[in-house]
Amino acid sequence: MTCEYSTFVWLLLAFLRSNPSLADISPAVKMFQLLNYYIDGRVAKVTDFLKTRLLDTLSDQIRKIQKVVNTYTPGKKIWLEGIGATSAGGTNNLSDSYAAGFLWLNTLGMLANQGIEVVMRHSFFDHGHNHLVDQNFNPLPDYWLSLLYKRLVGPRVLAVHVAGLQREPRPGRVIRDKLRIYAHCSSSHSHSYVRGSITLYIINLHRSRKKIKLVGALRDKLVHQYLLQPHGTDGLHARSVQLNGQLLAMADDGTLPELKPRPLRAGRTLVIPPLTMSFYVVKNVNALACRYR
């Protein structure tokens, strides 16, 4: 079901009110294609993908949906199905480009923070330009982003405090940060990292580089960097990406390339290039929250 958000909330509210026994029937309340597009694909511009207001839209709406669901079916899980950057089949060289990754990675981090455990991408391969591979089945930027996320990021979400970012807004003003940092326990499926490791993933929407100094238990640990940047001269319109400076491409029709990290010495300041997405695995932290399933 695809509909306007306000209409969807009204329909969901009416449905749950008229089905009080739903809690005993369905294992999960699924949101089918709720807000599956951020931008009208007919008028999308590359600058749209950098708007923090747009990135925050889904979070505000999820909170309202959770309030409705928790009121009528407490404890039910919410699944988000049907996520895409732009409507109308997407926009060539935009919704299938590096720029679209800002929305996709922010969506994954934001929803994980809000307790949404299942997020389904709109399509792997279909008509239009919102999918993960091109017409020749070559991976597009969001494919590589998703692959890194699955390999490095575990389901357990950790709190992040960044000195200098958490500011109190003035009355009538909402602070929307252009540097977005999410933290999880590292994936237990990764053979490269022991339990207790932490994965940070960072979106820098600034047009200048930013520096991050890890402190506390993270300060003296070895860090592995996975920096994704556009490949070639197309900038944010690029449909190919490089990992730590190396082009990502299939080795052959059935073989993925090795996703090699760049080791950073313990205590080194993280330098985040402008308009980039990156993952940082802090090794052997032995974080208590990450030691057990």
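Which residues in helix 3 meet which residues in helix 4? The views below, taken from a predicted model, start with that pairing.

**View 1. Helix 3 meets helix 4.** On the helix 3 side, the residues in contact are Ala100, Gly101, Trp104, Leu105, Leu108 and Ala112. Their partners in helix 4 are Asp142, Leu145, Ser146 and Tyr149. Helix 3 spans residues 100-113 and helix 4 spans residues 141-152; their axes come within 9 Å and cross at roughly 30°. Since angles under 35 degrees count as roughly parallel, helix 3 is therefore roughly parallel to helix 4. If you track handedness, the crossing of the two helices is right-handed.

**View 2. A disulfide joins Cys185 and Cys290.** A search of the whole structure turns up 1 disulfide, and here the sulfur atoms of Cys185 and Cys290 sit 2.0 Å apart. The pair ties together distant parts of the chain, 105 residues apart: Cys185 lies in strand 6 (residues 179-186), while Cys290 belongs to the segment after strand 14 (276-282). For those who like torsions, the angle about the S-S bond is -80°, and the link is left-handed. Cys185 counts as buried because its relative accessibility is 6%. Cys290, at 7% relative accessibility, counts as buried too.

**View 3. Helix 2 covers residues 52-72.**

How values were computed. Residues numbered from 1 in each chain as written. Predicted model: local features only at pLDDT ≥ 70, side-chain atom pairs only at ≥ 80, totals over all residues. Heavy atoms only, no water. Helix = DSSP H or I, 4+ residues; strand = E, 2+ residues; numbered from the N terminus. Expected span 1.5 Å × (residues − 1). Disulfide = S-S within 2.5 Å. Buried < 20%, exposed > 50% of the residue type's maximum accessible area, 1.4 Å probe, protein only. Axes fitted to C-alpha atoms, helices over the stretch in contact; angles between N-to-C directions. Parallel < 35°, antiparallel > 145°, perpendicular 65-115°, else oblique. Left-handed = near helix turned anticlockwise from the far one by under 90°. Contact = heavy atoms within 4.5 Å.
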